[in-house]
Amino acid sequence: MNTIRNEKGVALVLAMVMLVLMTILGVLALSTSTTEIGISGNYKMAQEIFYTADAAIERAQTDSAIYSTIVPGTCNSWPVCGGGSTTPWSISGNTANVSVDYLTSGSLPPGSGSDPEIFQAYYFLATTTASGANGSEYMVESQVARIVPK
């Protein structure tokens, strides 16, 4: 009966068990926070690449030098036969490859406000592929209508 009442060392064993449990909890919290930091970094990079592609597509939609080099039936794409630079555009430290292809000509887009007897529309497909760190890529396509005289 003496051995059951002998509680010497129980506090040490209990403290060691609690220390191991707290260490496991700390390691799990560290692992989770490291994963969360990686996820937020990847999200930030994806957003930057998206904004780079979006800026490049906006530039491709509005750059009149691109559309003045594309002659339907003769030269249907830029920069291949349009003499444009094949060097990727650099935007905010990321790069974007841009191409514009002539699709067709036709009637004016709805709401253009132009006289369909005098004007027609040339339709183009602008494509950008932006790339950044860690091999991140994002592709954006947009159809562009340019109103020209008949």
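## Reading the labels on this model

Tutor: In this predicted model, one aromatic cluster is formed by Tyr67, Tyr102, Tyr122 and Phe124. The count of aromatic pairs comes to 6.

Student: Why is the pair of Trp78 and Trp89 called an aromatic pair, and why is the pair called tilted?

Tutor: The ring centres of Trp78 and Trp89 are 6.1 Å apart, and because rings pair if their centres lie within 6.5 Å, the two tryptophans are counted as a pair. The angle between their planes is 50°, and since planes under 30 degrees apart count as stacked and those over 60 as edge-to-face, with the rest tilted, this pair is called tilted.

Student: Which parts of the chain does this pair tie together?

Tutor: Trp78 belongs to strand β1 (residues 77–78), whereas Trp89 belongs to strand β2 (residues 89–91), so the pair ties together parts that are 11 residues apart in sequence.

Student: How do you know whether Trp78 and Trp89 are buried or exposed?

Tutor: The relative accessibility of Trp78 is 8% and that of Trp89 is 10%. Buried means under 20% relative accessible area, so Trp78 counts as buried, and so does Trp89.

Student: What makes us say that the charged end of Arg59 sits over the ring of Trp89?

Tutor: The charged end of Arg59 is 3.8 Å from the centre of the Trp89 ring, and the rule asks for CZ of Arg to be within 6 Å of the ring centre and also within 35 degrees of the ring normal.

Student: What is the peptide bond from Trp78 to Pro79 called, and where is Pro79?

Tutor: That peptide bond is cis, with omega near 5°, and Pro79 lies in the loop between β1 and β2.

Student: How do you know that strands β3 and β4 pair?

Tutor: Strand β3 (residues 94–106) and strand β4 (residues 119–131) share 11 bridges in the antiparallel sense, and because at least two bridges are needed, they count as paired. Asp101, for example, has Leu125 in β4 as its bridge partner. β4 is also joined to strand β5 (residues 137–149), again antiparallel, by 13 bridges, and here Ala121 has Ile147 in β5 as its bridge partner.

Student: Why is Ile147 called neither buried nor exposed?

Tutor: Ile147, which is found in strand β5, has a relative accessibility of 37%. Since buried means under 20% and exposed means over 50%, with partly exposed in between, Ile147 counts as partly exposed.

Student: What makes Asn134 worth a look, and why is Asn134 called exposed?

Tutor: β4 and β5 form a hairpin with 5 residues between them, and Asn134 in the turn has a positive phi of about 60° although it is not a glycine. Its relative accessible area is 72%, and because exposed means over 50%, Asn134 is exposed. Ser92, in the loop between β2 and β3, has a phi near 55°, a positive value in a residue other than glycine; its relative accessible area of 69% is over 50%, so Ser92 is exposed.

Student: Which residues make the nonpolar surface patch?

Tutor: Val13, Leu14, Val17, Met18 and Leu21 make a patch of about 470 Å², and Leu21 is found in helix α2 (residues 10–62). Because patches are made of residues with over 30% relative accessible area and no salt bridge, each of these five must meet both conditions.

Conventions
Residues are numbered from 1 along each chain as its sequence is written. This is a predicted model: local features need pLDDT of at least 70, side-chain atom pairs count only at pLDDT 80 or more; totals for chains, interfaces and linings use all residues. Side-chain values use heavy atoms; hydrogens and water are left out. Patches are made of residues with over 30% relative accessible area and no salt bridge: like charges are joined within 9 Å, nonpolar side chains (Val, Leu, Ile, Met, Phe, Trp, Tyr) within 5 Å. Accessible areas come from the Shrake-Rupley method with a 1.4 Å probe; for residues, only the protein chains shown count as cover. A salt bridge is a side-chain nitrogen of Lys or Arg within 4 Å of a carboxyl oxygen of Asp or Glu. Helices (H or I, at least four residues) and strands (E, at least two) are DSSP runs, numbered from the N terminus. Buried means under 20% relative accessible area, exposed over 50%, partly exposed in between (1.4 Å probe, protein chains only).
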